[in-house]
Amino acid sequence: MRALSGWGVNDLNGDLAAGITLAAIAIPEQMATARLGGFAPQIGFFTFVAGSVAFALLGANRHLSAGADSTITPLFAGGLAVIATSGSPHYLAMAGMLALMVGLLVALSGIFRLGWIADLLSVPVTTGFLAGISVHIIVSQLPSLFGLPAESGETVRRIGEIAADLHLTNPWSLAIGLGVFAIVFAAGQVSARIPAALIGMVLATLGVVAFDLKNRGVEVLGALPNGLPAPGIPTVDFQDARALVPLALLIAIVVMVQTAATSRSFPPRNGQAPDVNRDFVGVGAGSIVAGLFGAFAVNASPPRTAIVAQTGGRSQLSGLIAAAIVLTLGAFGGTLLANVPQAALAAVLMFVAQHILRWRIAVNVYRQAPGEFALILITMIAIVILPIETGVAIGIGLSLLHGIWGSTRTEPIELAQVPGTSVWWPPNGSNAGEQHAGVLVAAFQAPLSFVNADRFKRGLRDLIDARSDDVKLVVLEASNIVEIDYTAAQALIDTICHCRDKGAVFAIARMESLRAQAALTRFGIADIVGAERIFHSVDAAIKTLDPGKPQPQEQDGIG
């Protein structure tokens, strides 16, 4: 139990305070999130308990809180709704199997140290994803907030139906929802440690009882069954399980992205780097346990994790304390929740929705990188208009394309020597630099791979051909070439041959990457260039291979 290592009795007070505060915040949040996914509220309690206990046993981060999360709930709820009727036994079984799949994928990613997967989503794409999820949450909760009939189907169509039904608004439900939202929002401006959602839910419940609002059309939860769920493997057929695989992959990526972000935001106190892979194991195990007990997939929660850190939590004992409180309520307190109004839970989720909407980041991206702002809009629109899992897949694809775009646009550039130094730098208007007669120093500022191999070859050939009358030595300044794949290796060999056909010597300088050096040997490029023409600096290459000096005889049979 690494998250409890080094714990002492002096840490008990902090963990106890953090655990009680965490439970107070988690109770309404987990109920609302379960309801968002089409589950009974107590299923959210069991999801939280599964995530908290599993992470305390297997995770590394001392503060991280795992449980039901509104980021992934609309994602799997939308995907499952295509296969099964929301709330049906088939739906619950599919959700449990999906939790097992997601948990297995996330845990195995941690075991095999695949934490780099968490970096697949860029900040603009993640911002657009969360904006789209926020819209889904808001639209799904508007009927409960206004006391309208429940809607289902595509988001755009649901918006139209809600607008058409606004004349049926129940003013009591709307007042309850707006009141709870105002309490949570106002408390958040004072301190995130205030359990405002629980306070609002309690006040709303007291209002329902005191003014007999059930008879005024206010919808309530009703008495929840007491007891604990029995463990077991969800029963689904092979076709259903196979249909869940793409959805499980998408959710697993989102869980890993959010878990890594949470873990890195609350690093260990000893200054060491966070163990993201170990945290993947803990969160993945939480989903597996949740699936075995009839609940749904869990995720790391940045807001709840922040609460644990801010209220003095010293270890995962705070999560276990919160889990014990929530489990007790789920097992024995069903009747206490009978008069909780649905509008109060809708208000909690509406607050969560506006909280995950990263509008400040969106504004900064718009100001500083307008091109990347388009990624935010495209991802958000795709998630809102298309089936949500399709929108997420588009977002991941956009993120990957964005990541390789810079490499595909990289061109070889000619360098010039900064006067009076050994530094070779791209020339600019204020400082053109110095050139050496008969010498071309070129750089490529990206990894060499199949996505830019042809651009590299054509660009370097053009630089050589432009000075074909006088260039006698071509030096590739390779400090930024950290990798070379097979396609790029063939392009580099072709370029060396072209250089020699023009009567020039080809040399490589400052190839610092060990992977790139290994590629030179693996693809035979080191033999073609010659070990005596691979240097630690551009100056050394020029001094050794001065075009004015007689050069060794070139090898035959190159290429």
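A: **A strand and its neighbours**

Strand β6 (residues 439-443) pairs with β7 in the parallel sense, over five bridges; two strands pair if DSSP finds at least two bridges between them. Helices (H or I, at least four residues) and strands (E, at least two) are DSSP runs, numbered from the N terminus. This is a predicted model, in which local features need pLDDT of at least 70 and side-chain atom pairs count only at pLDDT 80 or more, while totals for chains, interfaces and linings use all residues. Residues are numbered from 1 along each chain as its sequence is written, and side-chain values use heavy atoms, with hydrogens and water left out.

Within β7, L476 is the bridge partner of A442. Strand β8 (residues 505-509) runs parallel to β7, and five bridges join the two; here V505 in β8 stands opposite L473.

Strand β7 (residues 473-477) is largely enclosed by the rest of the structure, because five of its five residues are buried. Buried means under 20% relative accessible area, exposed over 50%, and partly exposed in between (1.4 Å probe, protein chains only). Both faces are covered: L473, V475 and E477 are buried on one side, and V474 and L476 on the other.

Together with helix α18 (residues 486-501) and β8, β7 makes a right-handed β-α-β unit. A crossover is right-handed if, with the strands pointing away from the viewer, the path from the first strand over the helix to the second runs clockwise.
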